[in-house]
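Let's take a walk through this protein together. Have the sequence and the 3D view ready, and look things up as we go.

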Amino acid sequence: MSSKQGPGPNKKGPLRPGATVRRRGGEPRGAQQPAARTSWDPLATWYNGWMGEGGSEYHRQLAVPAVMRLLEPESGEQILDVGCGQGVLAPHVSSAGGRYVGLDASPRLLDLARKAHGRKGLFVLGDARQIPSLREIESQSYDAVTFLLSIQDMDPLEPVFSGAAWALKAEGRAVLLLTHPAFRVPRQSGWGWDEGRKLVYRRIDRYLTPLPVPMNPLGGNGSGVVTRSFHRPMSHYVNGLADQGLLVEHMEEIPAHKLNVAGSTTRAANLARKEIPLFVALRARKIRHAPDNGSRQPA
Ligand SMILES: C[S@@+](CC[C@H](N)C(=O)[O-])C[C@H]1O[C@@H](n2cnc3c(N)ncnc32)[C@H](O)[C@@H]1O
């Protein structure tokens with residue numbers, strides 16, 4: 001990428017509803033072309049059904065309230081939701097007076113988002129690893145960027161965090177909510193029941209090694225296409241943000257609201273549930289420009 005000197009906040013004005021999103025210097029995207037290989041387009045119908053109106057139980061009870069707590073949106077703030085899916089966060093940001101823009105790589109999920117929440121926000125098709133190349137997203141124009149259960153579906157982290165930092169105003173916030181990588185390693189961790197000690201424990205088989213994990217194709221469209229989720233240790237998130245001038249200033253570790261473990265007592269399951277978190281949420285603040293942030297030009 002070549003350089004552009006410190007582009008100011010959104011010189012083109014706010015996004016228009018129904019705007020066609022083009023990559024800078026490129027043709028309009030095909031309507032049904034997923035923007036990244038990690039797009040959940042093949043899972044869109046299943047995911048929308050699983051989420052239902054207002055989001056899954058986990059979204060409603062835990063994830064959305066935590067993101068809103070850390071986000072603390074003020075009226076008129078511009079919020080970019082990266083990996084927005086079918087737009088579950090849009091009505092919450094909009095009710096708080098924020099101006100919501102959702103970005104996702106899945107055309108189908110974006111169609112569903114526009115149908116359900118078209119009045120609450122704007123939805124943009126694009127790859128989170130190429131934010132500076134999206135014509136409709138301007139440098140230093142967002143007060144906050146959110147990743148609601150989406151960052152673990154993106155790879156690699158570096159261009160995603162650098163694009164988020166590029167889009168943020170000075171002192172803007174990045175709020176991430178993810179399944180806690182220290183305790184929930186897909187296929188490499190699980191609950192157990194210790195009959196002798198009468199306690200529920202969590203077993204972690206691997207943690208420090210990053211792992212791409214194939215998504216369960218249960219919800220696929222029958223084509224056999226799956227996407228991947230990416231396990232990484234916590235340090236990759238904290239240090240990856242810091243590398244882009246985004247310093248973590250707040251962290252919450254959030255227990256599940258329920259837990260059943262085969263063979264265990266309810267009391268033991270409850271104790272374990274309260275001790276071992278399901279999600280972690282981070283808020284980072286843009287305290288400086290990374291070396292090339294704010295000086296990007298179209299690819
Ligand atoms: C688990 S879903 C979460 C969606 C939504 N935030 C929610 O909580 O319902 C992950 C989302 O990330 C999107 N995604 C994955 N890779 C992406 C990328 N490189 N660029 C943009 N979106 C991406 C997927 O299409 C999917 O919608």
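We'll start at the ligand and then move on to the nonpolar cores.

Keep in mind that what you see is a predicted model. Start by finding the ligand. It has 23 residues around it, and the closest ones are Thr-38, Tyr-47, Gly-83, Asp-104 and Leu-148. What kinds of residues make up this shell? Sorted by class, there are twelve nonpolar, eight polar and three charged residues.

Now zoom in on some polar atoms. Asp-104 has a polar side-chain atom 2.7 Å from an oxygen atom of the ligand. The backbone gets involved too: an N or O atom from the backbone of Trp-40 sits 2.8 Å from a ligand oxygen atom, and a backbone N or O atom of Ala-128 is 2.8 Å from a ligand nitrogen atom. How much of the ligand does the protein bury? On its own, the ligand would expose 600 Å², and the protein buries 98% of that.

Leu-148, one of the closest residues to the ligand, also turns up in our next stop. The largest nonpolar core has 38 residues, and Leu-89, Leu-148 and Leu-177 touch the most other members. Several elements give two or more residues to this core, including α1 (44–51), β4 (142–148) and β5 (168–179). The biggest giver is α2, with eight residues.

Pick out Leu-177 and look at what surrounds it. Beyond its neighbours within four places in sequence, Leu-177 is in contact with residues including Ala-63, Val-67, Leu-148, Ile-254 and Phe-279. There is also another core, apart from this one, with 32 residues; among them are Leu-134, Ala-174, Leu-178 and Ala-284.

Methods: Residues are numbered from 1 along each chain as its sequence is written. This is a predicted model: local features need pLDDT of at least 70, side-chain atom pairs count only at pLDDT 80 or more; totals for chains, interfaces and linings use all residues. Side-chain values use heavy atoms; hydrogens and water are left out. A residue is near a molecule or strand if one of its heavy atoms lies within 4 Å of it. A polar contact is a pair of N or O atoms within 3.5 Å; within protein, one must be able to donate a hydrogen and the other to accept it, and residues adjacent in sequence count only if both atoms are side-chain atoms. Accessible areas come from the Shrake-Rupley method with a 1.4 Å probe; for residues, only the protein chains shown count as cover. Ala, Val, Leu, Ile, Met, Phe, Trp, Tyr, Cys and Pro count as nonpolar, Asp, Glu, Lys and Arg as charged, and the others, Gly among them, as polar. A nonpolar core is a set of buried Ala, Val, Leu, Ile, Met, Phe, Trp, Tyr and Cys residues joined through side-chain atoms within 4.5 Å. Buried means under 20% relative accessible area, exposed over 50%, partly exposed in between (1.4 Å probe, protein chains only). Helices (H or I, at least four residues) and strands (E, at least two) are DSSP runs, numbered from the N terminus. Contact means heavy atoms within 4.5 Å.
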